[in-house]
Amino acid sequence: MFLGPVAFTGYIMRIMRHSLRFCWVVLASVVQLAGCAPSGPARFQLGRDVERPSRNVVVFVADGMDVHVLREMLDAGLLPNIRRTFVEGGVQVGHAISSLPSVTYPNNASIITGRFPGHHGIMGNFWFERSRLLSNYYMTIPTAWTVNQHIDAPTLYDILSDRLTVSVLAQSHKGATVSLDLQDVFTWGWAFGNYTAVDRQVAESITSVFDIARRVGQWPTILHTYYPGVDETGHRWGPDSPEYAAALENIDQAVGLITGAIATAGLTQSTYFVLLADHGMAPIRPGQDFDFIRWLRKHRRLRVRTTPLNEVAFADRFETLQDDDAVASVDAGRVAMIHLRGQRGWLHRPEPPEVITWARLDPALHDVPAVGLVAARGDDDTVRAWSRQGSLTVQRRIRNSRKEYRIIEYEGDPLGYLQSPELAAFIRAGWHESREWLAATAASPHPDFVPQVVEMFDSPRTGDLVVFAADGWLLYPGEKAGHGSTLYRDMHLPMFFVGPDLPAGGEIPLARLVDYAPTVLGLLGETHRLESFPPIDGMDLSEQLRNARVPESPRHRPTPPRPIPAP
């Protein structure tokens with residue numbers, strides 16, 4: 001973007017005005033680190049008057065932490081704190097799967113609601129809702145935290161509303177008692193490209209959590225810490241870069257600091273630790289970043305809106321949209337949603353045949369090399385999907401109060417499922433429940449696609465068409481990695497649980513990201529609270545974790561978290 005002289009001068013003046021504020025922020029941080037605040041283990045002591053829950057949870061959510069790079073670095077001995085606490089000391093999930101679309105804002109909302117994006121309303125970092133002509137874009141500093149106004153489901157914090165819950169930097173924190181947003185640190189970390197500094201500040205905020213506990217006389221039942229720097233580092237330099245490895249080492253140090261603080265405070269025997277990401281991070285091959293929105297404008301002659309509608313009145317938003325043929329967005333580089341103005345105008349969703357016919361006009365969407373898969377809504381319980389390799393239809397039904405799914409009209413092999421004889425037989429067998437599809441496809445090229453794609457289209461904020469990137473491709477230019485597609489690297493994520501009654505070095509085979517919230521309730525002994533809320537998509541895995549299989553020859557010897565040493 002190029003700025004004219006006036007705009008450039010105004011930009012410089014804004015930077016200068018904010019620089020003074022930034023200097024004070026830095027100075028305050030330096031003074032605190034220099035010792036004006038209590039130093040050493042004293043920072044992590046709780047008086048006898050502080051109530052300690054019988055069970056509590058501390059979670060580390062590392063945005064975009066790629067499970068493959070994580071495992072490589074663990075094997076190389078580069079992440080000693082994660083290895084000691086989570087691999088040696090806890091239970092790991094063999095196949096942990098993100099939600100569709102595998103993008104940050106939808107999945108951070110899934111973490112705290114236990115619902116798929118199609119059921120909590122956050123369908124992307126940008127979304128559009130046709131019925132009210134509303135749209136929102138969260139990827140700016142002023143709008144980042146507005147997501148909490150749009151989550152259409154109760155959260156884990158709402159369910160535990162009588163407990164102290166603390167969220168650090170997580171934009172999705174609806175219902176949390178205390179949210180430490182760290183907006184100054186976040187803003188300047190992004191402005192200067194120092195993403196690991198932001199993650200370090202999240203970890204160092206443990207001192208603020210102890211201050212809060214001493215002030216209110218209670219230790220939090222849930223402490224949720226969110227680390228955005230890994231994801232941004234992955235987008236800019238790729239998951240195979242030295243910068244990305246350094247970002248993971250930074251998370252390892254955060255784990256060491258916080259688990260050590262918990263040990264110093266004598267809370268280890270009542271604390272469950274969780275480590276997870278919101279999605280994977282797929283590397284992009286050189287020269288395979290593609291401007292999909294530009295392609296729509298050039299080859300389909302569409303007037304495409306990619307920015308939010310800011311008009312307050314519905315009539316004004318309607319008038320603005322008359323200049324547009326589509327509202328479209330690309331999220332995280334590897335998923336695009338297209339909302340079309342159909343033959344009946346913006347107030348009516350185009351009928352499925354109209355959408356599919358438009359998608360297959362020459363040049364067809366699925367013939368674009370960067371496109372791996374295209375999906376479109378059928379009726380309320382049907383989704384069509386197709387690629388250069390073939391097409392399929394997914395159907396859903398409710399039988400005995402349980403959802404079942406099947407694939408019909410499977411032509412070619414668009415999902416790569418026929419490469420496995422067992423999976424091919426599974427498809428031919430017809431209807432299966434959601435968890436059966438998860439188990440059957442977790443290791444496939446498109447894990448958990450069948451149930452999740454139908455649930456994704458339940459939301460009115462899902463596009464008429466959803467376009468998923470092909471392996472190695474990005475749907476906008478300029479980055480080295482992305483996520484959002486249905487492929488293995490996008491959908492797989494790390495997930496570990498540690499606790500006083502969980503077997504060290506244990507394993508369970510499967511989980512979804514939406515299982516986190518109900519599993520936390522199970523670990524806390526609070527599952528009964530879900531009876532007062534609408535059904536969720538996640539499943540309580542706490543008993544599976546407590547009975548996790550431990551290999552006969554444990555890979556590692558468990559070691560408890562270490563107290564913070566005296567300076």
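**Entry 1. Overall fold**

I began with contacts (heavy atoms within 4.5 Å): among those in the protein chain between residues at least 6 apart in sequence, 73% join residues at least 24 apart. The model is predicted, so I note that local features need pLDDT of at least 70 and side-chain atom pairs count only at pLDDT 80 or more, while totals for chains, interfaces and linings use all residues. Residues are numbered from 1 along each chain as its sequence is written, and side-chain values use heavy atoms, with hydrogens and water left out.

I then looked up the secondary structure, which comes to 20 helices and 22 strands for the protein chain. Helices (H or I, at least four residues) and strands (E, at least two) are DSSP runs, numbered from the N terminus. Of the 567 residues of the protein chain, 58% count as buried. Buried means under 20% relative accessible area, exposed over 50%, and partly exposed in between, with a 1.4 Å probe and protein chains only.

**Entry 2. Nonpolar cores**

I looked up the nonpolar cores, each a set of buried Ala, Val, Leu, Ile, Met, Phe, Trp, Tyr and Cys residues joined through side-chain atoms within 4.5 Å. The largest one has 128 residues, of which I407, F449 and V453 touch the most other members. Helix α11 (residues 242-264) gives the most to this core, contributing nine residues.

I listed the contacts of F449, leaving aside its neighbours within four places in sequence: L100, L373, A385, L392, L415, Y417 and T486. There is also a second, separate core of 30 residues, and V355, A376, W386 and L475 are among its members. As background, nonpolar side chains tend to be buried together in soluble globular proteins.

**Entry 3. Helix α8**

I asked which residues of α8 (residues 195-204) are buried. They are Y195, T196, V198, D199, V202 and A203. These residues lie on the same side of α8, because they cover an arc of only 155° around the axis; the arc is that of the directions from the helix axis to the C-beta atoms. The cover over the buried residues of α8 includes β5 (165-168), α7 (183-191), α9 (206-216), β7 (222-227), α10 (229-237) and α11.

**Entry 4. Helix α10 and its partner α11**

I found α10 mostly covered, with seven of its nine residues buried. The buried residues are G229, V230, D231, E232, T233, G234 and H235. They pack against α4 (104-113), α7, α8, β7, α11 and β19 (481-482). Just after α10, G238 takes a positive phi of about 90°.

How do the axes of α10 and α11 cross? They come within 9 Å and cross at roughly 170°. Axes are lines fitted to C-alpha atoms, for helices over the stretch in contact, and angles run from 0 to 180 degrees between N-to-C directions. The crossing makes α10 roughly antiparallel to α11; angles over 145 degrees count as roughly antiparallel, under 35 as roughly parallel, 65 to 115 as roughly perpendicular and the rest as oblique.

On the α10 side, the contact is made by V230, T233, G234 and W237, and on the α11 side by E243, Y244, A247, L248 and I251. By class, I record six nonpolar, two polar and one charged residues in this contact. Ala, Val, Leu, Ile, Met, Phe, Trp, Tyr, Cys and Pro count as nonpolar, Asp, Glu, Lys and Arg as charged, and the others, Gly among them, as polar.

**Entry 5. Two single residues**

I located P117 in helix α5 (residues 117-120). P117 counts as buried because its relative accessibility is 0%. Not counting residues up to four places away in sequence, P117 touches S99, L100, P101, P106, S110, I122 and M123.

I located R285 in the loop between β9 (282-283) and α12 (292-299). Its relative accessibility is 40%, so R285 counts as partly exposed. R285 and A481 are 196 residues apart in sequence, yet 8.6 Å apart in space, C-alpha to C-alpha.

**Entry 6. Backbone exceptions**

As background, most residues other than glycine have a negative phi, and most peptide bonds are trans. I noted a cis peptide bond from L100 to P101, with omega near -5°; P101 lies in the loop between β2 (91-97) and α4. The peptide bond from D362 to P363 is also cis, with omega near 0°.

A332, although not a glycine, has a positive phi of about 55°, and A332 is buried at a relative accessible area of 7%. D448, also a residue other than glycine, has a positive phi near 60°. D448 is in the loop between α16 (434-441) and α17 (449-456), and is buried with a relative accessible area of 0%.
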